[in-house]
Amino acid sequence: MNEMQQRFHDRVAVRQDDDGIAQVWLQRPDKMNALDDAMLAGLVAAGDWLRSAKGLRAVVLAGEGQAFCAGLDMANFSRIAEGKGMDVAAAAVRERTHGVANLFQQVGWQWRALAVPVIAAVQGVAFGGGLQLALGADMRYLAADARLSVREIHWGLVPDMAGMPLLRELVRADLARELVFTGRIVAAEEACAIGLGTRLVPDPLTAAMEQACAIAGCNPDAIRAGKRLLNMSADAGTAELLQAESLEQLLLLGSDHQREAVAAALSRRKPVFVED
C-alpha cells in the first residue's frame, strides 16, 4: 500500500493511504498529547493540508499513547496564573484568523468543516480542548477507559475551541449546561448514552478504520453531499434545508459515480469510483 506522510510542527503526523483514508496522529504521548502552542499549530496545519489533499475520502483522528488528548498544556495555565502573556492571548482570542473562527476554535471546528467524514478514536482522557477536538469529528468511538470532561470551568473559563456550537447538537440543553457548569468527568458508557460518544468499542482505532474503509467504498460525491446537508441542519430552517436536499440530489442523479454505485449494487460487486 502506498502512503503519503506529512509531519507538522513536530507534534502531528498525517498518513494518507491509497484508499483515501488519512490518519491524523497527535504525537506527544509523554504529555498525554496536551495542547501546547506547537500542537495547536500542528493541528491547524494538518487540517489545511487535508483540505487540499487529492482523493481524500475519510479521516481518523487519534492520539498516541494512553490518552487521546488531556487538553491545554499545564504550562499555559501556569503563565496565566503569573499574569504573563495575557495581551497576546486576548488578541488571539479576538482575531478571526479562519473565517468565522479564531486559531483555537479552528482546532475543533475544522473537522466539522472538512468535506469528508472524520472519526475520532478516543482512549484515556479527552479533557477540555481535547474533548472539543473530538467533538469536531462526525463520530467518536470510545474505548472502555475513555473519560471525557468539559474541563474549562476548573480553570475559571468557558469552552472556547468551538465547544459551544458542537455541544448543542450532540447533547440535551440541560446536560450541556451541567457539563459546562460542573466540568464533571464522564465515563465512556455514559458518554455514549448522552451523546458525547458515538459507540463504545474494544479497539477504537480498529473500529474507526473499519468505518473509514466502509465510507471510502461509497460514492464520494454522495458522502460529501450528505455531510454538507447534515452540517446545515443545525442552523438552517426547514424550507432552506429541504431545498438544499433537493439540489444535492439533482447533482447526484445520473452522475458517473451514482450510476457506478447502482451498477455495482446490481452486480453485487465492489464499486470503483474514479476521481479527477
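Reply: A salt bridge here is a side-chain nitrogen of Lys or Arg within 4 Å of a carboxyl oxygen of Asp or Glu. Keep in mind that the model is predicted.

Me: Which residue does Arg-168 meet in a salt bridge?
Reply: The cut-off is 4 Å from nitrogen to oxygen. The side chain of Arg-168 has a partner at 2.7 Å, N to O. That partner is Asp-235.

Me: How many residues apart are Arg-168 and Asp-235?
Reply: Arg-168 sits in the loop between helix H6 (163-167) and helix H7 (173-182). Asp-235 sits in the loop between helix H10 (220-232) and helix H11 (238-252). The pair links distant parts of the chain, and the separation is 67 residues.

Me: Is Asp-235 buried or exposed?
Reply: Exposed means over 50% relative accessible area. Asp-235 has 57%, so the label is exposed.

Me: How many salt bridges does the structure hold?
Reply: The Arg-168 and Asp-235 pair is a salt bridge. Arg-184 and Glu-178 also meet in one, at 3.2 Å, N to O. For the structure, the count is 15.

Me: What is the N to O distance between Arg-11 and Asp-36?
Reply: These two side chains meet in a salt bridge. The distance is 2.6 Å.

Me: Which parts does the Arg-11 and Asp-36 pair tie together?
Reply: Arg-11 lies in the loop between strand S1 (3-8) and strand S2 (12-17). The two residues are 25 apart in sequence, so the pair ties that loop to the one holding Asp-36.

Me: Are Arg-11 and Asp-36 buried or exposed?
Reply: Buried means under 20% relative accessible area. Arg-11 has 18%. Asp-36 has 11%. Each counts as buried.

Me: Which residues are linked with Arg-11 in a network of salt bridges?
Reply: Arg-11 meets Asp-36 in a salt bridge. The network also takes in other residues. Linked with Arg-11 are Arg-28, Asp-36 and Asp-73.

Me: How many disulfides does a search of the whole structure find?
Reply: From Cys-192, the closest cysteine sulfur is in Cys-69, too far for a bond. The search finds zero.

Methods. Residues are numbered from 1 along each chain as its sequence is written. This is a predicted model: local features need pLDDT of at least 70, side-chain atom pairs count only at pLDDT 80 or more; totals for chains, interfaces and linings use all residues. Side-chain values use heavy atoms; hydrogens and water are left out. A disulfide is a pair of cysteine sulfur atoms within 2.5 Å. Helices (H or I, at least four residues) and strands (E, at least two) are DSSP runs, numbered from the N terminus. Buried means under 20% relative accessible area, exposed over 50%, partly exposed in between (1.4 Å probe, protein chains only).
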